Amino acid sequence: MDLTKVTTLERFILDQERFHPDATGELTNLLYDVALAAKMIGAQIRRAGLLDILGSAKATNVQGEMQQKLDVLANEIMKNALNHTGRVCAMASEEDEELIPIPAGYSPGKYAVLFDPLDGSSNIDVNAAVGTIFSIYTRVTTSGPGTLADVLQPGNRVVAAGYVMYGSSVMMVYSGGHGVHGFTLDPTIGEFVLSHNNICTPTSGKYYSVNESNFFRWSRGIQLAVRGFHGEDPTRIQGKNSRYIGSLVADFHRNLIGGGVFMYPADTKNPRGKLRLLYECVPMAFIAEAAGGKATDGTRRILDLVPTALHQRVPLVIGGASDVDYVKAILEAMEETG
Ligand code: AFP
């Protein structure tokens, strides 16, 4: 590797803009704002043990789950990185019940940004990988402060989406719809540098990832599909290895690169699944599709679902195209819908 030549995130996105003559540079800057927030969140996570900010903030988020202190911090960092730039008209966060307006005195911009500031945060105390997930839409309202209509858009209108994984290194993976690109934070220069250009995911992978402790709470179809992943249906699908961290970004990232399928199906405890359509499923579906994979709620394409509420949940089957199709074929044969 020539250490005198690196492609930074900024340079890469700017280069891509040359192919879009109408580009104004605003989206580039917005992605750069997200990258700055990610560096700040990553720095806090690295120092978490030292600063004694591990553990619960004793607040409960809108999903009724205990927030970790870093959730609160990451949420504030994301909002503060985005709310004053004139590029964003409104935001929505997994940690805030309502739409997040732009503070008075700042002009609303052209984009709506949705994020899960720290996904998988119950893993923080055990030092496992966590992540930030984001998606960006062009606003549908024409002027003034953004409204719910700007954030309740179907995933097929996403302009750019991605995630940042805080693991053994900090990595940002994003797509503007043309390919999926990964950037690793070089801590010595404080920049995200291109490390994974044009990520493509195998159509059928070696891993399946699902919380199997829910097995007896799943529908018959999901149980059958998972038994296929165990190797019970070799004429239709090859048996796979099980890998599950319980941190969507880390589980998804491993399968994106190594090949595989991740599922969080509906179960009797979570009849609509556990994951949130807007903050988790749509951005990951956008990435999966741009890498050649698929994402459904079992039978329907995630990116075509029309959201009706900010915090709505949906079952998720995501990964290699033929693995996702395998699940869909079983559910359809059993007349189970997502
Ligand atoms: P936390 O943010 O509460 O840790 O939840 C993480 C998550 O939303 C997602 O990242 C995981 O894929 C999923 O939940 C794990 O859920 P289970 O613990 O029920 O398997």
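Asn127 is exposed, with a relative accessible area of 74%; exposed means over 50%, buried under 20%, and partly exposed in between, with a 1.4 Å probe and protein chains only. Asn127 sits in the loop between strand 5 (111-119) and strand 6 (130-138). Helices (H or I, at least four residues) and strands (E, at least two) are DSSP runs, numbered from the N terminus. The phi of Asn127 is positive, about 65 degrees, although Asn127 is not a glycine. Most residues other than glycine have a negative phi.

The model is predicted: local features need pLDDT of at least 70, side-chain atom pairs count only at pLDDT 80 or more, and totals for chains, interfaces and linings use all residues. Residues are numbered from 1 along each chain as its sequence is written, and side-chain values use heavy atoms, with hydrogens and water left out.

Glu335 also has a positive phi, near 55 degrees, and is a residue other than glycine. Glu335 is placed in the segment after helix 9. Its relative accessibility is 73%, so Glu335 counts as exposed.

The protein chain holds 9 helices and 15 strands. Its radius of gyration is 19 Å, close to the 20 Å that the globule rule gives for 338 residues, so the chain is as compact as a globular protein of that length. The radius is taken over C-alpha atoms, and the rule is 2.2 Å times the number of residues to the power 0.38. The C-alpha trace spans about 60 × 45 × 45 Å along its principal axes. Of the 338 residues, 54% are buried. Contact means heavy atoms within 4.5 Å. Among contacts with a separation of 6 or more, 62% involve residues 24 or more positions apart.

The chain exposes about 14,500 Å², and carbon and sulfur atoms supply 52% of that area. Accessible areas come from the Shrake-Rupley method with a 1.4 Å probe; for residues, only the protein chains shown count as cover.

Helix 6 (residues 220-232) spans only 15 Å between its end C-alpha atoms, whereas a straight helix of 13 residues would span 18 Å at 1.5 Å a residue. The expected span is 1.5 Å times one less than the number of residues. Buried positions in helix 6 are Gly221, Ile222, Gln223, Ala225, Val226, Gly228 and Phe229. Their cover includes strand 11 (207-209), strand 13 (260-264) and helix 9 (321-333).

Helix 7 (residues 248-258) has 9 of its 11 residues buried, so it is largely enclosed by the rest of the structure. Among the buried residues of helix 7 are Asp251, His253 and Arg254.

Tyr207 belongs to strand 11. At 14% relative accessibility, Tyr207 counts as buried. Leaving out residues up to four places away in sequence, Tyr207 touches Lys240, Asn241, Arg243, Arg254, Asn255, Gly258, Gly259, Gly260 and Val261. Tyr207 and Val130 are 77 residues apart in sequence, with their C-alpha atoms 19 Å apart.

Gly162 lies in strand 7 (residues 158-166). Gly162 is buried, with a relative accessible area of 0%. Beyond neighbours within four places in sequence, its contacts are Thr132, Ile133, Phe134, Val173, Tyr174 and Ile287. The C-alpha atoms of Gly162 and Ser135 are separated by 6.5 Å, at 27 residues apart along the chain.
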